[in-house]
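I opened this model to look up how its chains meet. My notes follow.

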Amino acid sequence: MIYLDFEKPLESLYEQMEKLRDVEAEGTVDVAESIKELEKKIQHTKKEIYSNLTGWQRVQLSRHPERPYTLYYIEQICKKFTELHGDRYFADDKAIVGGLAKIDNLSVMIIGHQKGTNTKSRQYRNFGMANPDGYRKALRLMKMAERFNIPIVTLIDTPGAYPGLEAEERGQAEAIARNLFEMAQLKVPVLCYVIGEGASGGALGIGVGDKVFMLENTWYTVISPESCSSILWRSWDHKEEAAEALKLTPEHMLSFGLIDDIIKEPLGGAHVDPEKMAKTLKAHIKAELGELMPQDAEERIRIRIDKYDNMGKYQIVE
Amino acid sequence: MSWFKRLKEGIQTATKNKKETPDGLWHKCIRCSEMTTIKELREHLYICPKCDYHTRISSTDYFEILFDGKYTRLFDEIKSVDVLEFSDIKSYKSRLDDAYKKTKLNDSMSVATGKVNKLPLTVACMDFGFIGGSMGAVVGEKISRAIDYCIANRTPLMIISKSGGARMMESAYSLMQMAKSSAKLTLLAKEGLPYFSFMTDPTTGGVTASYAMLGDINFSEPEALIGFAGPRVIKETIKRDLPEGFQTAEYLLEHGFLDFIVHRKDLKCKISDLLGCFDTRKPDSELVTAS
């Protein structure tokens with residue numbers, strides 16, 4: 001287990017627990033009562049910690065190194081997944097994966113950002129920061145799904161689109177813009193789930209859909225708290241304040257009407273019980289697709305565009 | 001008398017550049033330092049007569065350059081609200097108040113409709129002076145309404161971008177303006193009305209990654225900075241120097257993301273040439289037959 005700074009009280013409790021278990025294994029002293037006590041204390045502490053998370057703590061949880069990523073969810077949720085590679089123009093971006101699969105009996109096109117799980121694979125996945133080729137691959141797969149009337153599910157988890165020289169050269173902005181434009185008009189249902197980090201255009205580039213959901217310990221906004229701190233406070237030291245000011249939690253996003261619902265995570269985060277999290281996600285996808293699939297395509301597009309058209313608060317002055 | 005001796009060689013300042021002049025009469029080119037009277041500069045459409053540098057100008061200037069005399073401003077009644085009660089080293093409210101005072105505008109986007117060499121056009125133009133031309137809910141709503149107006153009145157749309165990107169003080173609301181504007185542009189496309197995207201210095205961030213790159217025709221002013229990430233961020237990421245001319249209009253043209261670059265003095269003529277090529281009547285209202 002890796003403990004984040006605000007989880008430290010739990011770490012010492014778990015250490016105590018381990019010692020007690022050792023004593024129990026020796027079998028000379030009866031510690032059953034103490035173990036029970038401690039378990040209660042752990043539950044209590046957990047509730048206390050996780051029910052009052054700050055914006056920044058959510059950001060930390062969303063980046064937890066043990067958090068499940070797209071390919072894990074695909075493996076757990078889908079059968080017969082075939083990964084489809086390449087944008088057909090330039091490259092195969094490793095930071096976005098996608099392919100055809102079955103969720104029970106239903107065919108889906110499932111696409112998501114992918115992060116690595118160790119130093120080497122993190123580099124291989126470019127830390128989940130896609131180049132234009134990633135967005136163009138995603139679009140190619142979505143247009144194919146549309147042609148065969150296959151619904152689309154996207155899993156969002158990125159610290160942002162990659163700000164590199166080649167990315168600019170090959171049109172990062174154009175690739176993202178094109179996806180926003182095309183996704184608005186897709187004839188098949190599109191479901192989007194923020195499963196980790198939802199940073200800016202890099203997230204939105206595969207995030208325009210009929211319904212958008214966020215897992216409980218994720219964030220979604222226009223800029224990472226670190227970059228926001230660097231630009232507005234002119235220093236990297238105000239990321240906690242920036243995370244609060246940006247109001248980037250799922251609860252905020254739901255209250256703004258910018259997402260459709262929040263999906264509960266196991267207490268402590270998705271990484272504590274990834275299998276359970278995947279089951280929850282699968283059931284959710286199935287239920288949502290069940291509602292969206294029967295809708296008339298034109299009607300669905302109209303509702304989708306109206307939804308985005310209504311986003312934003314302003315006042316009318318005379 | 002050593003203080004009369006010139007110790008450093010080569011100190012030369014043209015006399016005309018030494019002039020002490022009151023503000024508002026003279027303009028100093030930020031590139032070549034050439035001094036021009038404001039009157040002369042205005043006659044030159046704010047282009048430096050010496051080095052051709054296109055000085056940043058306001059939405060009103062563009063409207064005056066483009067339209068045949070009279071034009072109608074639209075949607076000026078839409079203003080920002082500080083929904084998030086955002087505050088960094090300064091509150092969003094005070095940033096807005098400063099911008100209102102400084103620019104006399106209601107936000108970073110102004111919309112106007114009129115005629116360009118007798119051809120109708122609706123123009124949405126950004127002002128960099130208003131919080132860095134940042135895109136918040138007002139910008140998205142004005143684009144949305146401009147598109148509705150274009151569809152109702154069968155006029156083509158031109159958006160003039162000049163922006164640092166999304167307005168962080170509106171957080172996710174500003175992010176969603178990218179989706180909003182792009183989604184609405186699909187409706188304009190479906191109606192068979194052309195959309196011209198004109199990028200001016202600078203066009204970056206979420207603005208580039210949404211409506212600015214989605215023109216049926218994408219074009220720009222010479223030497224404008226156009227990109228997704230800012231040059232400083234890229235440099236920090238790749239830890240090496242950026243090539244000369246990186247992210248300029250010329251660079252984008254070379255890499256296939258612009259249709260052309262247009263000099264400000266040719267802008268109006270270019271737009272009317274293009275407008276003349278599009279039939280903006282409803283596609284099914286009258287069949288065009290080649291007889």
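I started with buried area, the accessible area (1.4 Å probe) that two parts lose on being put together, summed over both. Chain A and chain B bury about 4900 Å² between them. Carbon and sulfur atoms carry 71% of it.

I noted that this is a predicted model: local features need pLDDT of at least 70, side-chain atom pairs count only at pLDDT 80 or more, and totals for chains, interfaces and linings use all residues. Residues are numbered from 1 along each chain as its sequence is written, and side-chain values use heavy atoms, without hydrogens and water.

Next I looked up contact (heavy atoms within 4.5 Å). Chain A gives 52 residues and chain B gives 61 residues.

Then I checked salt bridges (a side-chain nitrogen of Lys or Arg within 4 Å of a carboxyl oxygen of Asp or Glu). The rule finds 3 across the interface of chain A and chain B. I looked at A:Glu298 and B:Lys190, whose side chains meet in a salt bridge at 3.8 Å, N to O.

Which element supplies the largest share of the side of chain A that touches chain B? I found α8(A), with 9 residues; helices are DSSP runs (H or I, at least four residues) and strands are too (E, at least two). That side of chain A divides into 31 nonpolar, 10 polar and 11 charged residues. Ala, Val, Leu, Ile, Met, Phe, Trp, Tyr, Cys and Pro count as nonpolar, Asp, Glu, Lys and Arg as charged, the others, Gly among them, as polar.

Last, I traced strand pairing (at least two DSSP bridges between two strands). β9(A) and β4 of chain B (residues 78–80) run antiparallel, joined by 3 bridges. There A:Gln315 stands opposite B:Lys79.

Notes
Chains lettered and ligands numbered in written order.
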